[in-house]
Amino acid sequence: MKPGTPVSEDMQRLKAMLQQSVTPHLPAAQKEMQILNLACGRCDEADTLVSLGREVTRGGHVRLVGADIRIREIRQARENHAKLPAEFLIQDASQLHQHKELGADFDLVFLRHQNFWHGQDLWKKIFEQGRARLGKNGLLVITSYFDHEHKLALAALESMGMEVVSNKRNKASRSLNDAPGKSVDRWVAVLRPKK
Ligand SMILES: C[S@@+](CC[C@H](N)C(=O)[O-])C[C@H]1O[C@@H](n2cnc3c(N)ncnc32)[C@H](O)[C@@H]1O
């Protein structure tokens, strides 16, 4: 990704948000990090997530798995991120239980720009499937384009037994013109299963 482009600047802001919101809630001496990115699209954030993982583990082992239902986006993700320790699955994330080899020990389950209000039942299933893949100290992170959609998604996650450990408005979030009140990674929330 070329430095100085809007997307690379979005990534810098996202990285800063994740450093503030996620890193303090992960075990300090972690040597490996497994990250599951659901509904990842072409996964523009792959470098950002791997780089966060390398920071958290101080250069340790990072594994990123991205999944999306759209074939074209996943092919693009595979092409764009061939050099990363990452694999990308063409997969309905609401049916992730069918994917037995994936494992259920992820340190981070990430859903960037979740689409909750376009299909609440579907997204509840996707959230459930994400939660089921969290390891012992695992965290689930959502980012949202819109204020109201973010609130709805958080309420759904809380109703399924998750608690919010961090919820921040990205003040430097880049506005998008295709809908009022829409901006890139406008909100970033971190949740974990209630103990
Ligand atoms: C708003 S886009 C976000 C894409 C990407 N995370 C980003 O931030 O650019 C929502 C994504 O959800 C994916 N999606 C919708 N339903 C899905 C499902 N059942 N399983 C997996 N992905 C799904 C779409 O294909 C799309 O890539």
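Ala, Val, Leu, Ile, Met, Phe, Trp, Tyr, Cys and Pro count as nonpolar, Asp, Glu, Lys and Arg as charged, and the others, Gly among them, as polar. The structure is a predicted model, in which local features need pLDDT of at least 70, side-chain atom pairs count only at pLDDT 80 or more, and totals for chains, interfaces and linings use all residues. Residues are numbered from 1 along each chain as its sequence is written.

**View 1. The shell around the ligand.** By class, the shell holds five nonpolar, four polar and six charged residues. In total, 15 residues surround the ligand, a residue being near a molecule if its C-beta atom, placed from the backbone, lies within 6 Å of it. The closest are Ala39, Gly41, Ala93, Arg112 and His113.

**View 2. The overall fold.** The protein has five helices and seven strands; helices (H or I, at least four residues) and strands (E, at least two) are DSSP runs, numbered from the N terminus. The order of the elements from the N terminus on is α-β-α-β-α-β-β-α-β-α-β-β. With a radius of gyration of 15 Å, close to the 16 Å that the globule rule gives for 195 residues, the protein is as compact as a globular protein of that length. The radius is taken over C-alpha atoms, and the globule rule is 2.2 Å times the number of residues to the power 0.38. Along its principal axes the C-alpha trace spans about 40 × 40 × 35 Å. Among contacts with a separation of 6 or more, 73% come from residues 24 or more positions apart; two residues are in contact if their C-beta atoms, placed from the backbone, lie within 7 Å.

**View 3. The largest nonpolar core and Leu108.** A nonpolar core is a set of buried Ala, Val, Leu, Ile, Met, Phe, Trp, Tyr and Cys residues joined through C-beta atoms within 7 Å. The largest such core has 50 residues, of which Ile35, Leu38, Leu64, Leu108, Val109, Phe110 and Val141 touch the most other members. Leu108 touches Val22, Ile35, Gly138, Leu139 and Val141, residues up to four places away in sequence not being counted.

View 4. Seven bridges join E1 to E2, and the two strands run parallel; strands pair if DSSP finds at least two bridges between them. Within this pairing, Leu38 stands opposite Ala67 in E2. Ala39 lies in the loop between E1 and H2. Although not a glycine, Ala39 has a positive phi of about 55°. Ala39 is buried because 23 other C-beta atoms lie within 10 Å.

**View 5. Helix H2 and its surroundings.** The buried residues of helix H2 (residues 46-56) are Ala46, Thr48, Leu49, Val50, Leu52, Gly53 and Val56. Their cover includes helix H1 (6-21), strand E1 (32-38), strand E2 (61-68), helix H3 (71-80), strand E3 (86-90) and strand E4 (106-111). Arg58, with a positive phi near 50°, follows H2.

**View 6. Trp123 in helix H4.** Helix H4 (residues 120-132) contains Trp123. This residue counts as buried because 24 other C-beta atoms lie within 10 Å. Not counting residues up to four places away in sequence, Trp123 touches Gln114, Asn115 and Phe116. The C-alpha atoms of Trp123 and Leu157 are 10.0 Å apart, at a distance of 34 residues along the chain.

**View 7. Strand E7 and its partners.** Strand E7 (residues 187-193) is mostly covered, with five of its seven residues buried. Five bridges join strand E5 (residues 134-144) to E7 in an antiparallel arrangement, and Leu140 stands opposite Leu191 in E7. Strand E6 (residues 162-169) also runs antiparallel to E7, joined by seven bridges, and Arg169 stands opposite Trp187 in E7.

View 8. Val184 is buried, with 21 other C-beta atoms within 10 Å, and Asp185 counts as buried with 22 C-beta neighbours inside 10 Å. Phi of Asp185 is positive, near 45°, in a residue other than glycine. Val184 touches Asp10, Ser173, Arg174 and Leu176, residues up to four places away in sequence being left out.

Conventions: A residue is buried if 20 or more other C-beta atoms lie within 10 Å of its own, exposed if 12 or fewer, and partly exposed in between; C-beta atoms are placed from the backbone.
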